[in-house]
Amino acid sequence: MLALLRNQKIRGIIFQLLTVIGLVAFLWYIGANTVANIEQRGIQTGFGFLDGTAGFGIDQSPISYTEENTHGRVFIVGLLNTIIIAFVGIICATIVGLIIGILRLSSNWLIAKLAKAYIDFFRNIPLLLQILFWYNVVLRAMPNPKQSFNFFDTIFINNRGLYFPLPEYNTTFFMILASLFCALIASFALNTWANRRKIATGQDFIVFPFAIGMFILFPILAYFLGGAHLNFSFPELAGFNFKGGKTLSPEFLALTFALTIYTATFIAEAVRSGIEAVSHGQKEAAVSMGFSPYQSLKLVVLPQAIRIAIPPIINQYLNLIKNSSLATAVGYPEIVTVFAGTSLNQVGQAIEIISMTMLVYLIISLVVSALLNWFNHKMKIQER
Amino acid sequence: MAIYEKKQERKAPSSTKGVTFWIRENLFSTPLNVALTLLGVMILFWIVPPFVKWAYINANFAGTTREDCVSGGACWVFIRMKIDMFMYGFYPSELRWRVNSVYGLFFVLIAAFKYLKSPLVKIALAHVYFIVGFFLVHGGFFGMEAVPTDKWGGLMLTIMVAAVGIVAAFPIGVLLALGRASHLPIIKSISVTYIEFIRGVPLITILFMSSIILPLFFPEGMSFDKLLRALIGIAMFEAAYIAENIRGGLQSIPKGQYEAADAIGLSYWQKMFLVILPQALKVAIPNLVGVSIALFQDTTLVLIIGLFDLLAMVRLSAADSYWLGYETEGYVFVTFIFWFFCYSMSNFSQKLEKRFNTNLR
Amino acid sequence: MMLRSKLAKISLATIAVLGLGSTTLSADTLAEVQKQGFVKCGVDGGLPGFSEVGSDGIYKGIDVDQCRAVAAAVLGDAKKVKYVALNAKERLTALQSGEIDMLSRNTTWTETRDTSLGLNFTGVTYYDGQGFMVTKKLGVKSAKELDGASICLQTGTTTELNVADYFRTNKMKYKLVSYDTNDQVVKAYESGRCDVLTSDQSQLYGLRIKLLKPEESIVLPEVISKEPLGPVVRKGDGRWFDIVRWVSYAMLTAEEAGVTSANVDAMLKSDNPDVKRLLGVEGQMGENLGLKKDFAYNIIKQVGNYGESFEKTVGQGSPLKIARGYNALWTHGGLQYAPPFR
């Protein structure tokens with residue numbers, strides 16, 4: 001018997017068995033309590049509430065939504081708003097982060113110091129505080145709708161948000177949209193072709209100006225092909241608020257600002273450490289081989305820097321997505337605010353609603369993690 | 001025989017030294033740099049003078065009432081009059097010495113750290129400190145008056161939530177990290193599931209869960225204090241992040257160490273606690289400080305579930321009908337406090353990183 | 001695992017020592033309250049007149065008075081209350097889970113809440129209705145002119161649903177801006193994020209004094225809903241339910257009989273049989289509830305009768321200056337009516 005206990009394998013099995021028993025007992029205990037509590041307090045269960053009428057309004061919704069819609073639709077609206085804020089936040093944070101990260105390494109003393117000050121300042125302030133600051137202090141200081149900042153009667157800024165004109169959805173609009181897509185694909189194709197040619201013949205082909213040209217030319221062509229008929233809906237002050245055009249609410253703006261500025265500091269650091277991690281020898285080798293600074297950056301430094309910088313950057317994207325849940329502090333209607341907030345309040349089924357919300361984030365996280373793994377795999381140094 | 005005379009040293013050409021040279025080289029070397037410098041100066045000019053004017057030159061420091069704020073700048077009188085609330089919340093003023101002595105003990109702890117070598121002893125001591133501190137603040141024994149947690153607030157609550165969160169999460173995190181590195185498949189998968197689940201969801205959903213769902217998990221009649229529920233949620237959350245950082249440390253330990261420990265016949269726990277963890281923790285400490293910074297910032301989230309941390313206290317005070325309109329001062333004040341704490345911690349972690357780096361090489 | 005269970009034991013012991021995890025047997029809240037020595041009462045904490053916390057940490061308001069009255073009746077000391085500040089979202093769960101013994105947080109009595117959530121409303125301490133507040137500058141005289149307006153409100157309340165119904169039935173459009181706390185709602189309204197602030201009428205007056213320039217806002221005449229507000233307890237504890245209900249009735253009866261905190265001692269010698277029964281000089285009223293004979297005396301002495309409480313917190317003695325209106329006694333044309341103490 002004792003000998004059995006001394007056997008490492010058997011000990012391992014016993015140990016695991018005990019853990020499983022403990023865990024199951026714990027979960028069973030919790031489950032039993034929960035069921036008893038729910039029954040005793042007469043709380044409803046199940047997902048039937050998703051078909052119930054929500055009864056409350058949501059200010060910003062990418063899909064049509066009215067008070068008569070169901071809680072299920074509230075869930076969808078919240079989810080879409082989460083995706084929108086995450087998407088916009090990621091794009092803005094990447095742009096700002098890249099710029100700051102590169103400026104941080106600038107040979108210009110003042111600029112490098114300013115970039116460092118920016119990073120040191122904003123990454124050390126809680127995000128929630130930044131959101132509240134932008135929302136309560138900066139955006140609140142904007143004028144009221146009647147005294148909006150007015151840019152050529154097309155763009156307006158006031159304490160109700162940012163208003164700008166939006167083209168109507170007609171043939172011309174869709175043609176232009178399609179043309180931009182074509183330009184994108186054509187640029188990619190051109191780039192692939194240029195790379196192949198370079199490997200085959202060694203000759204350089206600079207793609208960039210051609211790509212820019214396509215992005216300008218294609219939409220112009222499409223505009224005329226589509227009937228040269230582009231109608232803009234302009235924001236106009238009517239009654240209490242502006243009507244027409246597109247509105248970005250102060251909640252959305254505050255959240256985007258704060259997420260961008262906060263996450264950008266981390267992205268900038270990732271970019272910087274990625275570039276700095278490329279050893280000096282590599283750069284010197286590039287110079288001694290007669291590469292121009294541009295060539296050395298493009299062919300030697302960046303490919304290595306990106307490999308180091310991308311994983312932490314994607315982690316930051318993940319953080320940004322999770323942090324977008326702080327929207328609830330300013331009332332931007334994403335999933336935590338409207339579904340785990342208002343809907344939860346109206347139906348009171350906390351377990352179902354919180355689980356669904358957690359599941360949403362979990363799935364997003366898993367997808368992004370899978371993306372990261374794929375990238376790491378692809379970027380692995382190919383040993384030859 | 002030639003006589004060599006020492007010639008006078010020639011000065012470096014004026015174009016390669018001095019302030020002018022430095023300025024030219026570092027600020028105006030290329031047209032792009034000139035533009036960037038001008039932009040930088042513009043940004044500075046745009047931000048700094050108005051802020052200094054508002055926060056210092058035109059600001060009001062003296063006085064005790066709203067009427068003392070007349071000059072149009074910041075009204076620091078508001079902060080001064082509310083500082084007790086920002087620091088201690090509603091903690092009874094005659095008992096605040098208890099909180100202060102916990103702060104004082106912190107310096108004793110730091111001093112003790114100078115003389116201690118083993119990281120495990122240090123960590124154990126830190127745990128003892130936090131537990132003693134918690135009891136001292138809470139009271140309710142040795143004839144000390146108990147202060148219920150609903151009176152706790154302000155910076156004191158912020159620090160306490162962060163500290164207790166880390167301290168409670170640390171042992172769980174170590175176990176999870178060991179579990180994840182373990183060869184036992186079930187243990188490993190449980191640890192991985194837990195860690196990945198927690199890291200996949202935002203803290204706020206965990207806080208919602210601990211404040212709304214947790215009471216349902218326990219039998220009728222057993223209820224937890226609101227603060228305690230938040231602490232449970234935070235510790236659960238933080239444990240996963242600590243585990244990931246310790247795992248990084250574990251991975252950096254060469255295999256030889258494990259084999260050597262096995263060879264001299266140490267049991268699993270002996271091997272881990274005497275050989276592997278002390279080394280792994282040393283590697284992980286800079287990152288753990290990073291986690292602490294993140295947690296310190298995350299404590300602000302407790303305001304969403306209705307606890308009065310520093311940020312919530314400032315918002316509450318700014319809504320006081322007598323002091324309406326001084327919210328900005330409040331936010332600037334909190335910003336400064338948080339920035340000070342986080343920046344000091346991140347500097348500390350950078351120093352640690354440098355020190356440990358040299359040790360490893 | 002060993003370590004883990006040890007840790008669990010240690011932490012449970014710690015919790016027990018600190019008294020953080022207190023055990024309440026909701027089956028007998030009275031015994032539990034008497035054992036713990038205080039009443040755990042859920043309030044808003046940020047609503048002038050109803051429950052607000054001063055910078056000294058002391059709570060006051062008409063909702064708070066209900067908590068104090070229950071403490072006075074059960075424990076003989078109105079100060080023995082542990083207040084738990086709750087937002088609209090948390091309040092019902094907090095009661096369900098036993099975190100609080102009673103909820104007195106301007107909560108509207110509705111069918112759903114009374115039947116499907118395992119809760120019971122003990123009565124109505126304030127008859128309210130939802131209204132709108134706008135700035136005078138807007139020049140709006142009636143809620144019917146609010147088409148297209150932005151509306152600020154506190155989320156997690158019946159307010160949200162009432163607004164939706166009202167605008168839909170009147171075929172008007174609105175933009176909703178909702179927040180978790182009243183403070184945030186007021187701030188948003190003040191800064192012009194929205195044109196209209198909607199809430200229960202009483203709250204509108206309360207929130208108005210939180211504005212920098214209260215005189216620039218008016219409350220519109222329309223009342224779009226019925227909002228009977230009252231204390232809530234858990235279902236299944238009949239005795240506790242009776243106590244909370246009859247504490248409110250005792251305060252009403254006292255006003256009706258003219259017993260105030262000032263004259264209550266003299267009233268002990270009154271010949272009026274109603275007063276005698278109320279103050280426990282005669283009859284078994286206290287014992288019937290499982291309380292002491294003089295429970296009502298303690299309430300009136302320490303908290304006051306309903307009228308006193310009303311005037312002091314929301315009425316003429318307060319910055320809110322709300323008229324009694326529906327909340328006058330039935331003898332004065334109001335709706336406040338207590339069943340007889342007999």
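# Chains A, B and C: a working chat

Visitor: Starting with chain C, what share of the contacts with a separation of 6 or more is between residues 24 or more positions apart?

Guide: In chain C, 71% of the contacts with a separation of 6 or more link residues 24 or more positions apart. Two residues are in contact if their C-beta atoms, placed from the backbone, lie within 7 Å.

Visitor: Where do the numbers and the model come from?

Guide: This is a predicted model, in which local features need pLDDT of at least 70 and side-chain atom pairs count only at pLDDT 80 or more, while totals for chains, interfaces and linings use all residues. Residues are numbered from 1 along each chain as its sequence is written, and chains are lettered from A and ligands numbered from 1 in the order in which they are written.

Visitor: OK. How many helices and strands in chain C?

Guide: Chain C has 14 helices and 15 strands. The radius of gyration of chain C is 22 Å, close to the 20 Å from the globule rule for 342 residues, so chain C is as compact as a globular protein of that length. Helices (H or I, at least four residues) and strands (E, at least two) are DSSP runs, numbered from the N terminus. The radius is taken over C-alpha atoms, and the globule rule is 2.2 Å times the number of residues to the power 0.38.

Visitor: What does the C-alpha trace of chain C span, and what percentage of its residues is buried?

Guide: The trace of chain C spans about 70 × 60 × 40 Å along its principal axes, and 56% of the 342 residues are buried. Buried means that 20 or more other C-beta atoms lie within 10 Å of the residue's own, exposed means 12 or fewer, and partly exposed is in between, with C-beta atoms placed from the backbone.

Visitor: Which way do the residues of β1(C) point?

Guide: V39(C), C41(C) and V43(C) point one way, K40(C) and G42(C) the other way, and all are buried. Strand β1 of chain C covers residues 39–43.

Visitor: What does β1(C) pair with, and in which sense?

Guide: β1(C) runs parallel to strand β5 (residues 81–85) of chain C, with 5 bridges, and pairs in the parallel sense with strand β6 (residues 102–103) of chain C over 2 bridges. C41(C) has Y83(C) as its bridge partner in β5(C) and M102(C) as its bridge partner in β6(C). Two strands pair if DSSP finds at least two bridges between them.

Visitor: Switching to chain A: in what order do the 4 strands of the open sheet run?

Guide: The order is β1-β2-β3-β8 in chain A, with antiparallel pairing. β1 (149–151) and β8 (246–248) of chain A are at the edges with a single partner strand each, so one side of each has no neighbour in the sheet. Neighbouring strands of this sheet are turned by 15 degrees against each other on average, direction ignored; axes are lines fitted to C-alpha atoms, for helices over the stretch in contact, and angles run from 0 to 180 degrees between N-to-C directions.

Visitor: How many bridges join β3 to β8(A)?

Guide: 3 bridges join strand β3 (residues 161–164) of chain A to β8(A), antiparallel, and L162(A) has L248(A) as its bridge partner in β8(A).

Visitor: Now the contact between chains B and A. How many residues from each?

Guide: Chain B gives 42 residues and chain A gives 49 residues. On the side of chain B that touches chain A, the largest share, 10 residues, comes from α13(B). By class, that side of chain B has 28 nonpolar, 12 polar and 2 charged residues. Ala, Val, Leu, Ile, Met, Phe, Trp, Tyr, Cys and Pro count as nonpolar, Asp, Glu, Lys and Arg as charged, and the others, Gly among them, as polar.

Visitor: Which residues of α2(B) are buried?

Guide: The buried residues of α2(B) are N33(B), L36(B) and G40(B). What covers them includes α4 (109–122) of chain A together with α1 of chain B.

Visitor: And S71(B), buried or exposed?

Guide: S71(B) has 11 C-beta neighbours inside 10 Å, so S71(B) counts as exposed. S71(B) is found in the loop between α2 and α3 (76–88) of chain B. Not counting residues up to four places away in sequence, S71(B) touches N58(B) and N60(B).

Visitor: Last one: what radius of gyration does chain B have?

Guide: Chain B has 27 Å, whereas a compact globule of 361 residues would have a radius of gyration near 21 Å. Chain B has 13 helices and 0 strands, and buried residues make up 38% of its 361 residues.
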